[in-house]
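Please keep the sequence and the model in view while reading.

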Amino acid sequence: MEKLTSPGVTRAVLARFGIRARKKYGQNFLTDGNIVRGIVEAAGITKDDCVLEIGPGIGTMTQYLSEAAGTVVCVEIDETLRPVLSQTLEDCGNVEIIWGDVLKTDLKDLSERFNEGKPLKVVANLPYYVTTPILLRLLEDKGRFESITVMVQKEVAERICAGPGNKEYGALSLAVQYYSSPEVVLKVPPACFMPRPAVESAVLHLQAYEEPPVEADEKFMFALIRSSFNQRRKTLANGISHGFHYKGRVLTRKEAEEALAAIGLSPDIRGEKLSLEEFAALSRQLEKPEQ
Ligand code: SAM
């Protein structure tokens with residue numbers, strides 16, 4: 001089967017099967033061979049790898065992944081694409097398609113069935129309407145994924161990579177940076193897709209950490225982070241004293257200010273100024289209730 005990476009071939013395949021890109025599933029098919037090759041290269045795929053592709057669509061990137069990887073497991077929600085994939089992937093004997101919602105798929109079972117329980121590499125042109133839940137689900141499943149190389153909205157990529165003091169910095173940046181080191185590897189204009197999305201895109205490569213880079217009670221620290229960013233204009237101590245709840249625990253403004261002082265930070269500091277290391281230090285200060 002010929003490669004789908006051209007607007008003409010993609011249009012012809014869609015017409016042949018009477019298929020229209022479905023907005024509700026975030027379908028924007030890639031049509032640019034350089035971008036697809038760039039993604040596969042950034043993911044560093046070899047024949048030793050088992051790749052999980054989320055949302056193969058009509059199989060555009062899957063054809064390239066099949067050539068590069070040992071095995072490719074795809075999870076696709078849109079069953080109307082069945083006849084298309086059985087034709088476009090007819091020469092790809094190392095590809096398995098699982099039909100369903102990736103957010104409800106047992107990922108442990110996939111790595112056991114297809115990769116002896118060893119970590120998978122994730123590659124995807126993600127459906128933008130569920131980018132954050134998909135990324136968090138993959139990252140929180142520690143040890144299951146070695147790396148995640150994905151197309152996302154450019155502004156989401158910027159939020160994920162932002163550091164303290166940047167206006168894009170927030171709970172999503174900290175969550176992703178706790179589990180992995182993120183990097184933007186490609187910027188991608190709307191013209192590389194069919195139909196064209198309304199936004200610019202970027203390819204992110206997340207290299208998963210074997211161990212988190214900081215030490216803290218993870219759930220406590222993320223409750224702290226969320227409450228710190230709930231009201232961005234408030235000071236961190238104020239945000240925490242109004243918005244922090246974890247296992248029945250709340251924190252007073254005095255407790256928050258004292259903990260900030262103990263780690264050498266001003267009581268007036270805002271959440272957006274704290275690094276992941278500082279959030280971890282603050283968390284360690286506050287984890288144990290005062291006697
Ligand atoms: N990989 C193809 C490409 O690059 O041309 C298609 C990418 S398209 C942006 C996103 C794909 O994800 C679509 O095929 C869509 O049907 C699928 N999808 C959307 N939501 C999904 C979900 N929750 N679980 C699995 N697949 C999903």
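How far is a nitrogen atom of the ligand from an N or O atom in the side chain of Asp 101? The distance is 2.9 Å, in what is a predicted model. A polar backbone atom of Gly 55 lies 2.8 Å from a nitrogen atom of the ligand. In the side chain of Asn 125, an N or O atom is 2.9 Å from an oxygen atom of the ligand. The ligand taken alone exposes 590 Å², and the protein buries 99% of that area. It is surrounded by 22 residues, of which Leu 30, Gly 55, Glu 76, Asp 101 and Asn 125 are the closest.

The largest nonpolar core has 62 residues, and the members that touch the most others are Leu 52, Ile 54, Ile 148, Met 221 and Leu 282. Helix H9, residues 218-230, contributes the most to this core, with seven residues.

What does Ile 148 touch, leaving aside residues up to four places away in sequence? Its contacts are Val 122, Leu 135, Leu 138, Leu 139, Leu 204, His 205 and Leu 206.

Helix H1 spans residues 7-16, and its buried residues are Val 9, Thr 10, Val 13 and Leu 14. Viewed down the axis of H1, these buried residues fall within an arc of 130°, so they line one face of the helix. On the face turned away from the buried side, H1 carries the exposed residues Arg 11 and Ala 15. The cover over the buried residues of H1 includes strand S1 (29-30), helix H4 (82-88) and strand S8 (193-194). After H1 comes Gly 18, with a positive phi near 60°.

Helix H2 covers residues 33-42. At its start, a side-chain oxygen of Asp 32 comes to within 2.9 Å of the backbone nitrogen of Asn 34. The buried residues of H2 are Gly 33, Ile 35, Val 36, Gly 38, Ile 39 and Val 40. Among the elements that cover them are S1, helix H3 (60-68) and the strands S5 (120-125), S6 (145-153), S7 (180-188) and S9 (201-208). H2 is followed by Gly 44, whose phi is positive, near 60°.

Methods: Residues numbered from 1 in each chain as written. Predicted model: local features only at pLDDT ≥ 70, side-chain atom pairs only at ≥ 80, totals over all residues. Heavy atoms only, no water. Core = buried A, V, L, I, M, F, W, Y, C linked by side-chain atoms within 4.5 Å. Buried < 20%, exposed > 50% of the residue type's maximum accessible area, 1.4 Å probe, protein only. Helix = DSSP H or I, 4+ residues; strand = E, 2+ residues; numbered from the N terminus. Contact = heavy atoms within 4.5 Å. Near = heavy atom within 4 Å. Polar contact = N/O pair within 3.5 Å; in protein donor to acceptor, adjacent residues only side chain to side chain. Areas by Shrake-Rupley, 256 points an atom, 1.4 Å probe, with all protein chains shown as cover. Arc of directions from axis to C-beta.
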